[in-house]
Amino acid sequence: MQRHLISAADLTRDDAVLILDTAEEMARVADRPIKKLPTLRGRTVVNLFFEDSTRTRISFEAAEKRLSADVINFTAKGSSVSKGESLKDTAQTLEAMGVDAVVIRHGASGAPYRLATSGWIDAHVINAGDGTHQHPTQALLDAFTMRRRLVGRDAGIGQDLSGRRITIVGDVLHSRVARSNVDLLHTLGAEVTLVAPPTLLPVGIGTWPCEVSYDLDSTLTKSDAVMMLRVQRERMNAAFFPTEREYSRRYGLDGERMARMPEHAIVMHPGPMVRGMEITAEVADSDRCTVIEQVTNGVSIRMAVLYLLLGGNEPAVSGARPPVSPHHPSSERSAHTPSAAEEK
């Protein structure tokens with residue numbers, strides 16, 4: 001693992017599989033009566049959120065508390081940011097308080113990278129979503145959900161998603177989730193197809209490691225997982241399609257379309273869902289839809305990321321060892337941290 005987690009594209013296959021395997025161990029901790037490990041006791045983690053969020057912020061906070069970290073929640077509303085304070089000044093304030101890690105969500109693409117490389121703060125930086133750029137932990141929890149459903153919990157240990165066909169549908173242009181998933185799923189060996197109207201595909205899409213289609217119906221029959229994206233109206237400054245009804249007719253997933261998918265195929269959505277737009281209530285509430293599982297798995301993935309970045313040399317999964325160099329900051333901070341298996 002590197003010092004920071006800024007982009008899904010930064011992860012190697014071994015890094016990604018290690019995080020997924022560690023999350024599997026963390027998921028077992030969640031099944032215990034006491035859902036806590038002392039791994040990050042004495043460490044301080046700040047959730048630095050400049051954008052509104054429900055799932056991501058609560059998920060990170062739950063993960064941090066289950067690892068016994070001290071948690072500080074920062075939101076831009078009600079802080080000095082609303083008075084004009086810069087990201088640099090906020091970062092230097094946190095540095096003065098001696099924080100160990102910063103989980104940042106920001107409306108500007110590149111803000112987490114700037115924070116990690118600026119020298120303003122000597123802490124691990126985890127990107128919780130920046131503009132329309134990246135959302136690496138969302139991609140990891142999506143891959144974790146796919147591996148559990150399509151390969152199996154125990155059978156999936158050490159495995160990637162080679163040969164699996166994943167279709168991502170909707171507002172790719174404004175979606176950091178789509179970008180992160182394309183990067184990570186390609187690294188894990190999956191075949192990804194993006195389906196969207198031409199107006200909702202970014203310039204340069206031809207350089208992405210995926211296929212592009214404008215026809216949802218032609219891709220459904222050969223998909224192992226179909227991920228529906230929300231149309232992000234808050235980021236739109238123009239009309240990208242004629243009407244909601246037209247968009248839903250061409251690119252929405254309803255019961256009839258779901259019936260054309262292979263029996264083992266799953267339906268995913270990063271949330272929040274707009275029922276009746278990109279997905280119908282019938283599909284959202286079906287057994288094939290993994291939305292609630294994704295929320296649950298998000299806590300396990302974020303525990304794994306925090307553990308591997310902050311927890312020292314010993315991974316949570318017995319017998320595996322993360323690629324930590326002798327000069328890695330976490331090896332300097334912690335000589336040995338008990339694994340989840342040892343905690344049991």
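**View 1. Residues at the centre of the second largest pocket in this predicted model.** The lining of the second largest pocket holds 15 residues. Ala 27, Arg 148, Arg 153, Thr 296 and Asn 297 lie nearest the centre of this pocket. Its volume is about 310 Å³.

**View 2. Helices around the second largest pocket.** Helix 1 (13–30), helix 5 and helix 11 each supply at least two lining residues. Helix 11 provides the largest share, five residues.

**View 3. Residue classes in the lining of the second largest pocket.** Nine of the lining residues are charged. Three are nonpolar and three are polar.

**View 4. Residues at the centre of the largest pocket.** The volume of the largest pocket is about 580 Å³. Its lining is made of 30 residues. Nearest the centre lie Arg 105, Arg 176, Arg 230, Gly 271 and Pro 272.

**View 5. Helices around the largest pocket.** Two or more lining residues come from each of helix 2 (55–66), helix 5 (136–150), helix 6 (176–187) and helix 11 (291–310). Helix 11 gives the most, with five residues.

**View 6. Residue classes in the lining of the largest pocket.** Polar residues number 14 in this lining.

**View 7. Helix 11 at both pockets.** Helix 11 gives five residues to the lining of the largest pocket. Helix 11 also gives five to the lining of the second largest pocket. Helix 5 likewise supplies residues to the largest pocket and to the second largest pocket.

Conventions: Residues numbered from 1 in each chain as written. Predicted model: local features only at pLDDT ≥ 70, side-chain atom pairs only at ≥ 80, totals over all residues. Heavy atoms only, no water. 1 Å grid on protein atoms, 1.4 Å probe; cavity = no way out; pocket = protein on both sides within 12 Å on 5 of 7 lines; lining within 4 Å. Points joined across faces, edges and corners; volume = space filled by probe spheres on them. Helix = DSSP H or I, 4+ residues; strand = E, 2+ residues; numbered from the N terminus. Nonpolar A, V, L, I, M, F, W, Y, C, P; charged D, E, K, R; others polar.
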